[in-house]
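Reader: I'd like to learn how to read a structure like this one. Could you walk me through it?

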Amino acid sequence: MKRAFDVIVIGLGAMGSAALFHVARRGREHGGRGRALTVLGLERFDIPHDRGSSHGVTRIIRLAYYEHPSYVPLLRRAYELWHELEQVAGMRLLHTTGSIDAGPADSLVFTGSLKSCELHGLPHEVLTSSELTRRFPGYRLPGETVAVLQPQGGFLLPELCVSYHVIGAQAAGAEVHAREQVLEWEPTSRGVVVTTDRGEYEAERLIISAGAWMGALVPRLKGLAVPERQVLAWMQPLRPELFQPERFPVFNLLVDEGRFYGFPVFGIPGFKIGRYHHLGEHVDPDTMDRVCHPDDERVLRGASERYFPDGAGPTTAMHTCMFTNTPDEHFVIDALPSHPQVIVASPCSGHGFKFASVVGEILADLALTGATRHDISLHRLSRFAA
Ligand SMILES: Cc1cc2nc3c(=O)[nH]c(=O)nc-3n(C[C@H](O)[C@H](O)[C@H](O)COP(=O)(O)OP(=O)(O)OC[C@H]3O[C@@H](n4cnc5c(N)ncnc54)[C@H](O)[C@@H]3O)c2cc1C
(Lines give C-alpha, C1' and ligand atoms only; values in the text may rest on other atoms or scores of the structure.)
Protein backbone atom coordinates (compact mmCIF):
# COMPACT_ATOMS: atom_id res chain seq x y z
CA MET A 1 0.00 0.00 0.00
CA LYS A 2 1.22 3.50 -0.82
CA ARG A 3 1.82 5.81 2.12
CA ALA A 4 0.07 9.15 1.71
CA PHE A 5 1.36 12.62 2.64
CA ASP A 6 -0.02 16.11 2.24
CA VAL A 7 3.23 17.40 0.71
CA ILE A 8 6.32 15.67 -0.70
CA VAL A 9 9.57 17.55 -1.42
CA ILE A 10 12.00 15.94 -3.88
CA GLY A 11 15.65 16.96 -3.37
CA LEU A 12 16.90 18.20 0.01
CA GLY A 13 19.68 20.53 -1.08
CA ALA A 14 19.55 24.28 -0.59
CA MET A 15 15.99 24.88 -1.82
CA GLY A 16 14.34 21.60 -0.86
CA SER A 17 15.64 21.65 2.70
CA ALA A 18 14.28 25.19 3.12
CA ALA A 19 10.95 24.25 1.53
CA LEU A 20 10.63 21.24 3.82
CA PHE A 21 11.36 23.44 6.83
CA HIS A 22 8.73 26.03 5.94
CA VAL A 23 6.05 23.53 4.93
CA ALA A 24 6.59 21.47 8.08
CA ARG A 25 6.57 24.47 10.39
CA ARG A 26 3.49 25.95 8.81
CA GLY A 27 1.82 22.58 8.63
CA ARG A 28 2.30 22.16 12.34
CA GLU A 29 1.12 25.66 13.23
CA HIS A 30 -1.79 26.06 10.81
CA GLY A 31 -2.88 22.52 10.03
CA GLY A 32 -6.38 23.89 9.54
CA ARG A 33 -7.69 20.33 9.20
CA GLY A 34 -7.68 19.47 12.87
CA ARG A 35 -4.27 17.83 12.38
CA ALA A 36 -0.78 18.85 11.35
CA LEU A 37 0.14 18.39 7.71
CA THR A 38 2.14 15.29 6.85
CA VAL A 39 5.32 16.11 4.97
CA LEU A 40 7.96 13.87 3.38
CA GLY A 41 11.38 14.96 2.11
CA LEU A 42 13.25 12.66 -0.28
CA GLU A 43 16.99 12.98 -1.01
CA ARG A 44 18.96 10.58 -3.21
CA PHE A 45 22.34 11.20 -1.50
CA ASP A 46 23.41 12.10 2.05
CA ILE A 47 22.29 15.24 3.88
CA PRO A 48 24.29 17.31 3.19
CA HIS A 49 26.50 15.99 0.36
CA ASP A 50 29.05 17.19 -2.16
CA ARG A 51 27.62 15.95 -5.47
CA GLY A 52 25.17 18.76 -6.19
CA SER A 53 25.36 22.55 -5.96
CA SER A 54 25.39 23.33 -2.24
CA HIS A 55 28.80 22.40 -0.86
CA GLY A 56 32.18 24.13 -0.55
CA VAL A 57 31.94 25.71 2.94
CA THR A 58 30.92 29.25 1.92
CA ARG A 59 28.38 31.02 -0.34
CA ILE A 60 28.20 34.77 -0.92
CA ILE A 61 25.19 36.69 0.30
CA ARG A 62 24.83 40.33 -0.72
CA LEU A 63 22.08 42.94 -0.90
CA ALA A 64 23.64 44.96 -3.74
CA TYR A 65 22.31 42.96 -6.66
CA TYR A 66 23.61 43.82 -10.11
CA GLU A 67 21.68 40.96 -11.71
CA HIS A 68 18.36 42.85 -11.25
CA PRO A 69 17.13 45.29 -8.58
CA SER A 70 13.94 43.28 -8.05
CA TYR A 71 15.98 40.67 -6.17
CA VAL A 72 16.58 43.13 -3.31
CA PRO A 73 13.20 42.75 -1.52
CA LEU A 74 13.62 38.96 -1.69
CA LEU A 75 17.08 39.36 -0.22
CA ARG A 76 15.84 41.47 2.68
CA ARG A 77 13.46 38.67 3.59
CA ALA A 78 16.18 36.07 2.98
CA TYR A 79 18.41 37.83 5.53
CA GLU A 80 15.59 37.82 8.11
CA LEU A 81 14.95 34.14 7.56
CA TRP A 82 18.65 33.20 7.74
CA HIS A 83 18.80 34.96 11.09
CA GLU A 84 15.71 33.01 12.21
CA LEU A 85 17.44 29.77 11.16
CA GLU A 86 20.44 30.81 13.26
CA GLN A 87 18.06 30.74 16.25
CA VAL A 88 17.07 27.18 15.37
CA ALA A 89 20.72 26.22 14.89
CA GLY A 90 21.99 28.06 17.95
CA MET A 91 24.96 29.21 15.91
CA ARG A 92 26.05 31.76 13.33
CA LEU A 93 25.31 30.74 9.75
CA LEU A 94 25.79 34.19 8.14
CA HIS A 95 29.10 36.01 8.48
CA THR A 96 29.21 39.70 7.54
CA THR A 97 32.32 40.91 5.72
CA GLY A 98 30.90 43.54 3.36
CA SER A 99 30.64 42.83 -0.38
CA ILE A 100 32.58 44.27 -3.30
CA ASP A 101 31.08 44.45 -6.81
CA ALA A 102 33.88 45.64 -9.06
CA GLY A 103 34.59 46.08 -12.76
CA PRO A 104 34.97 48.72 -15.44
CA ALA A 105 32.80 51.82 -14.84
CA ASP A 106 30.35 50.76 -17.58
CA SER A 107 30.14 47.08 -16.55
CA LEU A 108 26.88 45.57 -15.31
CA VAL A 109 28.62 44.30 -12.17
CA PHE A 110 29.37 47.89 -11.15
CA THR A 111 26.43 49.82 -12.66
CA GLY A 112 23.85 47.20 -11.71
CA SER A 113 25.11 46.98 -8.17
CA LEU A 114 25.10 50.77 -7.79
CA LYS A 115 21.60 50.97 -9.27
CA SER A 116 20.22 48.41 -6.83
CA CYS A 117 21.81 50.31 -3.91
CA GLU A 118 20.37 53.64 -5.06
CA LEU A 119 16.90 52.28 -5.87
CA HIS A 120 16.58 50.47 -2.56
CA GLY A 121 18.39 52.96 -0.31
CA LEU A 122 21.13 50.50 0.63
CA PRO A 123 24.15 51.89 2.46
CA HIS A 124 27.12 51.77 0.11
CA GLU A 125 30.34 53.44 -0.97
CA VAL A 126 31.91 53.75 -4.40
CA LEU A 127 35.67 53.16 -4.35
CA THR A 128 38.35 53.51 -7.01
CA SER A 129 40.82 50.68 -7.38
CA SER A 130 43.48 52.48 -5.32
CA GLU A 131 40.98 53.40 -2.59
CA LEU A 132 39.93 49.74 -2.47
CA THR A 133 43.54 48.58 -2.06
CA ARG A 134 44.14 51.18 0.65
CA ARG A 135 41.08 49.93 2.60
CA PHE A 136 41.53 46.23 1.84
CA PRO A 137 45.14 45.59 0.80
CA GLY A 138 44.43 42.04 -0.42
CA TYR A 139 42.79 43.63 -3.49
CA ARG A 140 45.03 44.75 -6.41
CA LEU A 141 42.56 45.39 -9.21
CA PRO A 142 43.25 47.10 -12.55
CA GLY A 143 43.63 50.91 -12.25
CA GLU A 144 40.41 51.67 -14.14
CA THR A 145 38.28 49.37 -11.94
CA VAL A 146 35.57 50.87 -9.75
CA ALA A 147 33.83 49.09 -6.91
CA VAL A 148 30.63 49.23 -4.88
CA LEU A 149 31.22 48.34 -1.24
CA GLN A 150 28.00 47.28 0.51
CA PRO A 151 28.60 46.67 4.21
CA GLN A 152 25.87 44.02 4.76
CA GLY A 153 27.40 41.52 2.29
CA GLY A 154 29.08 38.39 3.58
CA PHE A 155 28.88 34.64 3.38
CA LEU A 156 26.67 31.75 4.46
CA LEU A 157 27.77 28.26 5.48
CA PRO A 158 25.88 26.12 2.95
CA GLU A 159 26.29 22.63 4.39
CA LEU A 160 25.15 23.82 7.82
CA CYS A 161 22.26 25.82 6.34
CA VAL A 162 21.01 22.68 4.57
CA SER A 163 21.47 20.57 7.71
CA TYR A 164 19.70 23.00 10.02
CA HIS A 165 16.78 23.46 7.64
CA VAL A 166 16.37 19.67 7.70
CA ILE A 167 16.85 19.46 11.47
CA GLY A 168 14.24 22.19 11.92
CA ALA A 169 11.85 20.40 9.56
CA GLN A 170 12.29 17.12 11.44
CA ALA A 171 11.62 18.91 14.73
CA ALA A 172 8.38 20.22 13.20
CA GLY A 173 7.32 16.69 12.28
CA ALA A 174 8.61 16.18 8.73
CA GLU A 175 9.66 12.69 7.70
CA VAL A 176 13.03 12.65 5.94
CA HIS A 177 14.39 9.86 3.74
CA ALA A 178 18.01 10.28 2.62
CA ARG A 179 19.67 7.83 0.22
CA GLU A 180 16.36 7.28 -1.54
CA GLN A 181 16.22 8.22 -5.21
CA VAL A 182 13.03 9.35 -6.88
CA LEU A 183 12.64 7.47 -10.15
CA GLU A 184 9.46 9.14 -11.42
CA TRP A 185 6.29 10.94 -10.44
CA GLU A 186 2.87 10.93 -12.01
CA PRO A 187 -0.09 13.24 -11.64
CA THR A 188 -3.32 11.69 -10.36
CA SER A 189 -6.82 13.06 -9.77
CA ARG A 190 -5.92 13.58 -6.08
CA GLY A 191 -2.37 14.89 -6.50
CA VAL A 192 0.66 12.82 -7.42
CA VAL A 193 2.23 9.41 -7.02
CA VAL A 194 6.00 9.40 -6.46
CA THR A 195 8.00 6.24 -7.16
CA THR A 196 11.43 5.82 -5.61
CA ASP A 197 14.00 3.02 -5.53
CA ARG A 198 12.41 1.97 -2.22
CA GLY A 199 8.68 2.47 -2.59
CA GLU A 200 5.69 4.49 -3.73
CA TYR A 201 4.06 7.47 -2.04
CA GLU A 202 1.00 9.61 -2.68
CA ALA A 203 0.73 13.33 -2.00
CA GLU A 204 -1.69 16.16 -2.67
CA ARG A 205 1.15 18.57 -3.47
CA LEU A 206 4.65 17.99 -4.79
CA ILE A 207 7.64 20.35 -4.65
CA ILE A 208 10.50 19.41 -6.98
CA SER A 209 13.82 21.06 -6.16
CA ALA A 210 16.29 18.62 -7.68
CA GLY A 211 19.01 21.09 -8.65
CA ALA A 212 21.10 19.82 -11.56
CA TRP A 213 18.68 16.89 -11.97
CA MET A 214 15.60 19.10 -12.61
CA GLY A 215 15.59 18.32 -16.33
CA ALA A 216 15.56 14.59 -15.61
CA LEU A 217 12.47 14.87 -13.38
CA VAL A 218 10.55 17.65 -15.13
CA PRO A 219 10.42 17.39 -18.93
CA ARG A 220 9.29 21.04 -19.22
CA LEU A 221 12.67 22.08 -17.73
CA LYS A 222 14.87 19.99 -19.98
CA GLY A 223 16.86 22.53 -21.97
CA LEU A 224 15.78 25.34 -19.61
CA ALA A 225 17.77 24.19 -16.56
CA VAL A 226 21.17 23.20 -17.92
CA PRO A 227 23.85 21.80 -15.57
CA GLU A 228 27.36 23.20 -15.93
CA ARG A 229 30.61 22.03 -14.29
CA GLN A 230 32.24 24.55 -11.93
CA VAL A 231 35.51 24.49 -10.02
CA LEU A 232 36.54 26.24 -6.82
CA ALA A 233 40.12 26.69 -5.60
CA TRP A 234 41.56 27.62 -2.21
CA MET A 235 45.09 29.06 -2.01
CA GLN A 236 47.24 29.64 1.03
CA PRO A 237 47.64 33.42 1.35
CA LEU A 238 51.22 34.67 1.34
CA ARG A 239 50.05 37.40 3.73
CA PRO A 240 47.29 35.65 5.74
CA GLU A 241 46.44 38.78 7.74
CA LEU A 242 45.04 40.42 4.56
CA PHE A 243 42.62 37.57 3.84
CA GLN A 244 40.78 37.30 7.15
CA PRO A 245 36.99 37.92 7.21
CA GLU A 246 37.49 41.26 9.04
CA ARG A 247 39.84 42.58 6.32
CA PHE A 248 38.68 40.95 3.12
CA PRO A 249 35.09 41.49 1.86
CA VAL A 250 33.59 38.86 -0.43
CA PHE A 251 33.68 39.93 -4.07
CA ASN A 252 32.21 39.76 -7.55
CA LEU A 253 34.75 41.01 -10.06
CA LEU A 254 34.63 41.53 -13.81
CA VAL A 255 38.07 41.60 -15.47
CA ASP A 256 39.47 40.69 -18.91
CA GLU A 257 39.67 37.00 -17.94
CA GLY A 258 35.99 36.80 -16.93
CA ARG A 259 33.73 37.24 -13.93
CA PHE A 260 35.21 35.94 -10.68
CA TYR A 261 33.95 35.65 -7.09
CA GLY A 262 35.86 35.06 -3.92
CA PHE A 263 36.00 34.85 -0.14
CA PRO A 264 38.34 35.39 2.80
CA VAL A 265 39.91 32.40 4.54
CA PHE A 266 37.22 30.43 6.37
CA GLY A 267 36.81 26.74 7.14
CA ILE A 268 39.43 25.55 4.63
CA PRO A 269 42.97 26.94 4.90
CA GLY A 270 42.94 29.22 1.88
CA PHE A 271 41.61 32.30 0.11
CA LYS A 272 38.79 30.96 -2.11
CA ILE A 273 38.16 31.92 -5.72
CA GLY A 274 35.90 30.75 -8.57
CA ARG A 275 35.06 31.92 -12.07
CA TYR A 276 31.44 32.08 -13.26
CA HIS A 277 30.86 29.50 -16.01
CA HIS A 278 34.40 28.21 -15.34
CA LEU A 279 35.32 26.47 -18.67
CA GLY A 280 31.79 26.59 -20.12
CA GLU A 281 31.27 22.80 -19.80
CA HIS A 282 27.65 21.66 -19.97
CA VAL A 283 27.37 18.30 -18.27
CA ASP A 284 25.21 15.36 -17.31
CA PRO A 285 25.12 15.49 -13.49
CA ASP A 286 25.42 11.68 -13.26
CA THR A 287 28.61 11.48 -15.31
CA MET A 288 30.27 14.87 -14.70
CA ASP A 289 34.05 14.81 -14.23
CA ARG A 290 34.47 15.53 -10.51
CA VAL A 291 38.27 15.46 -10.62
CA CYS A 292 40.02 18.86 -10.68
CA HIS A 293 42.72 19.15 -13.36
CA PRO A 294 45.69 21.48 -13.98
CA ASP A 295 43.62 23.40 -16.59
CA ASP A 296 41.03 24.12 -13.91
CA GLU A 297 43.68 25.38 -11.52
CA ARG A 298 45.40 27.51 -14.17
CA VAL A 299 42.32 29.70 -14.71
CA LEU A 300 41.84 30.39 -11.02
CA ARG A 301 45.52 30.74 -10.15
CA GLY A 302 46.05 33.17 -13.07
CA ALA A 303 43.37 35.56 -11.79
CA SER A 304 44.55 35.21 -8.18
CA GLU A 305 48.18 35.99 -9.05
CA ARG A 306 47.13 39.01 -11.06
CA TYR A 307 44.43 40.55 -8.84
CA PHE A 308 45.11 39.07 -5.37
CA PRO A 309 48.88 38.43 -5.48
CA ASP A 310 49.22 38.20 -1.70
CA GLY A 311 46.54 35.50 -1.70
CA ALA A 312 48.04 33.30 -4.40
CA GLY A 313 50.28 30.93 -2.44
CA PRO A 314 50.18 27.14 -2.80
CA THR A 315 46.82 25.58 -3.63
CA THR A 316 45.32 23.94 -0.56
CA ALA A 317 42.06 22.52 -1.99
CA MET A 318 39.94 22.29 -5.12
CA HIS A 319 36.34 21.13 -5.53
CA THR A 320 33.94 20.69 -8.41
CA CYS A 321 30.31 21.78 -8.16
CA MET A 322 27.42 22.44 -10.59
CA PHE A 323 25.53 25.48 -11.72
CA THR A 324 22.11 24.83 -13.27
CA ASN A 325 21.61 27.67 -15.72
CA THR A 326 18.42 29.05 -17.22
CA PRO A 327 18.67 30.95 -20.54
CA ASP A 328 18.32 34.39 -18.86
CA GLU A 329 20.04 33.36 -15.60
CA HIS A 330 16.99 34.26 -13.52
CA PHE A 331 15.34 31.50 -11.49
CA VAL A 332 12.42 29.20 -12.17
CA ILE A 333 9.92 29.20 -9.28
CA ASP A 334 6.40 28.26 -10.33
CA ALA A 335 3.60 25.74 -10.42
CA LEU A 336 3.63 23.58 -13.54
CA PRO A 337 0.90 24.93 -15.85
CA SER A 338 -0.09 21.38 -16.84
CA HIS A 339 -0.16 20.14 -13.21
CA PRO A 340 -0.73 22.99 -10.72
CA GLN A 341 -0.31 20.60 -7.79
CA VAL A 342 3.40 20.38 -8.71
CA ILE A 343 5.68 23.29 -7.77
CA VAL A 344 9.11 23.44 -9.38
CA ALA A 345 12.11 25.40 -8.16
CA SER A 346 15.36 25.81 -10.03
CA PRO A 347 16.90 28.85 -8.38
CA CYS A 348 20.52 28.55 -9.40
CA SER A 349 22.31 29.99 -12.45
CA GLY A 350 25.21 30.32 -10.03
CA HIS A 351 23.61 32.81 -7.65
CA GLY A 352 20.75 31.06 -5.86
CA PHE A 353 22.06 29.91 -2.50
CA LYS A 354 21.63 33.21 -0.67
CA PHE A 355 17.90 33.10 -1.58
CA ALA A 356 17.26 29.56 -0.32
CA SER A 357 15.66 30.70 2.93
CA VAL A 358 13.11 32.91 1.19
CA VAL A 359 12.65 30.47 -1.69
CA GLY A 360 11.67 27.89 0.94
CA GLU A 361 9.02 30.28 2.22
CA ILE A 362 7.77 30.94 -1.32
CA LEU A 363 7.59 27.24 -2.15
CA ALA A 364 5.61 26.61 1.02
CA ASP A 365 3.26 29.47 0.04
CA LEU A 366 2.74 28.07 -3.45
CA ALA A 367 2.27 24.50 -2.25
CA LEU A 368 -0.09 25.31 0.63
CA THR A 369 -2.07 28.29 -0.70
CA GLY A 370 -1.36 28.50 -4.44
CA ALA A 371 -0.05 32.09 -4.14
CA THR A 372 2.72 34.10 -2.51
CA ARG A 373 3.07 37.70 -1.32
CA HIS A 374 6.59 37.79 -2.75
CA ASP A 375 7.15 39.19 -6.24
CA ILE A 376 8.33 36.24 -8.31
CA SER A 377 7.27 37.63 -11.68
CA LEU A 378 10.89 37.49 -12.90
CA HIS A 379 10.95 33.77 -12.17
CA ARG A 380 7.76 32.47 -13.76
CA LEU A 381 7.95 29.66 -16.28
CA SER A 382 5.69 31.51 -18.71
CA ARG A 383 8.60 33.75 -19.77
CA PHE A 384 9.92 30.78 -21.77
CA ALA A 385 8.07 29.45 -24.80
CA ALA A 386 6.42 26.08 -24.08
C1 LIG B 1 30.78 26.58 -7.29
C2 LIG B 1 29.49 27.27 -6.95
C3 LIG B 1 29.52 28.50 -6.31
C4 LIG B 1 28.35 29.18 -6.00
N5 LIG B 1 28.42 30.36 -5.32
C6 LIG B 1 27.29 30.94 -4.91
C7 LIG B 1 27.35 32.07 -4.05
O8 LIG B 1 28.44 32.50 -3.66
N9 LIG B 1 26.19 32.62 -3.64
C10 LIG B 1 24.98 32.15 -4.04
O11 LIG B 1 23.97 32.72 -3.63
N12 LIG B 1 24.88 31.07 -4.83
C13 LIG B 1 26.00 30.45 -5.27
N14 LIG B 1 25.94 29.33 -6.04
C15 LIG B 1 24.63 28.82 -6.46
C16 LIG B 1 23.95 28.04 -5.36
O17 LIG B 1 24.88 27.25 -4.67
C18 LIG B 1 22.83 27.22 -5.98
O19 LIG B 1 21.92 28.13 -6.55
C20 LIG B 1 22.09 26.37 -4.96
O21 LIG B 1 22.99 25.62 -4.20
C22 LIG B 1 21.12 25.45 -5.71
O23 LIG B 1 20.37 24.74 -4.78
P24 LIG B 1 19.37 23.59 -5.25
O25 LIG B 1 18.56 23.22 -4.08
O26 LIG B 1 18.68 24.03 -6.51
O27 LIG B 1 20.34 22.40 -5.69
P28 LIG B 1 21.08 21.31 -4.69
O29 LIG B 1 21.47 21.97 -3.44
O30 LIG B 1 22.06 20.62 -5.51
O31 LIG B 1 19.87 20.35 -4.33
C32 LIG B 1 19.25 19.49 -5.23
C33 LIG B 1 19.08 18.19 -4.49
O34 LIG B 1 18.20 17.34 -5.19
C35 LIG B 1 18.65 16.01 -5.00
N36 LIG B 1 18.08 15.17 -6.04
C37 LIG B 1 18.25 15.29 -7.37
N38 LIG B 1 17.57 14.35 -8.03
C39 LIG B 1 16.95 13.59 -7.08
C40 LIG B 1 16.12 12.44 -7.14
N41 LIG B 1 15.79 11.87 -8.30
N42 LIG B 1 15.67 11.91 -5.97
C43 LIG B 1 15.99 12.48 -4.78
N44 LIG B 1 16.79 13.57 -4.68
C45 LIG B 1 17.26 14.12 -5.81
C46 LIG B 1 20.17 16.18 -5.13
O47 LIG B 1 20.88 15.07 -4.63
C48 LIG B 1 20.40 17.44 -4.35
O49 LIG B 1 20.66 17.20 -3.00
C50 LIG B 1 27.10 28.62 -6.37
C51 LIG B 1 27.06 27.38 -6.99
C52 LIG B 1 28.23 26.70 -7.27
C53 LIG B 1 28.17 25.37 -7.94
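Author: Gladly! Helices (H or I, at least four residues) and strands (E, at least two) are DSSP runs, numbered from the N terminus. With that in hand, Pro-48 is found in the loop between strand E2 (39-42) and strand E3 (59-61). The peptide bond that leads from Ile-47 to Pro-48 is cis, with omega near -10°. Residues are numbered from 1 along each chain as its sequence is written. This is a predicted model, where local features need pLDDT of at least 70, side-chain atom pairs count only at pLDDT 80 or more, and totals for chains, interfaces and linings use all residues, while side-chain values use heavy atoms, with hydrogens and water left out.

Reader: How many helices and strands does the protein have?

Author: The protein has 8 helices and 19 strands. Its radius of gyration (taken over C-alpha atoms) can be set against the globule rule, 2.2 Å times the number of residues to the power 0.38. The radius is 21 Å, close to the 21 Å that the rule gives for 386 residues, so the protein is as compact as a globular protein of that length. Its C-alpha atoms fill a box of roughly 65 × 45 × 45 Å along the principal axes.

Reader: Which residues of H7 are buried?

Author: Buried means under 20% relative accessible area, exposed over 50%, and partly exposed in between (1.4 Å probe, protein chains only). In H7 the buried residues are Asp-296, Val-299, Leu-300, Arg-301, Ala-303, Ser-304 and Tyr-307. Contact means heavy atoms within 4.5 Å, and the buried residues of H7 pack against several strands, among them E13 (226-235) and E17 (315-325).

Reader: What span does H7 reach from its first C-alpha to its last?

Author: The expected span of a helix is 1.5 Å times one less than its number of residues. H7 (residues 294-307) has 14 residues and reaches 20 Å, close to the 20 Å expected. Helix H5 (residues 158-171) also has 14 residues and reaches 20 Å. Just after H5, Gly-173 takes a positive phi of about 105°.

Reader: Where is Arg-179, and is it buried or exposed?

Author: Arg-179 sits in the loop between strand E9 (175-177) and strand E10 (182-188). Arg-179 is exposed, with a relative accessible area of 56%, and has a positive phi of about 55° although it is not a glycine. His-277, in the loop between E16 and H7, has a positive phi of about 60° and is not a glycine either. At 24% relative accessibility, His-277 counts as partly exposed.
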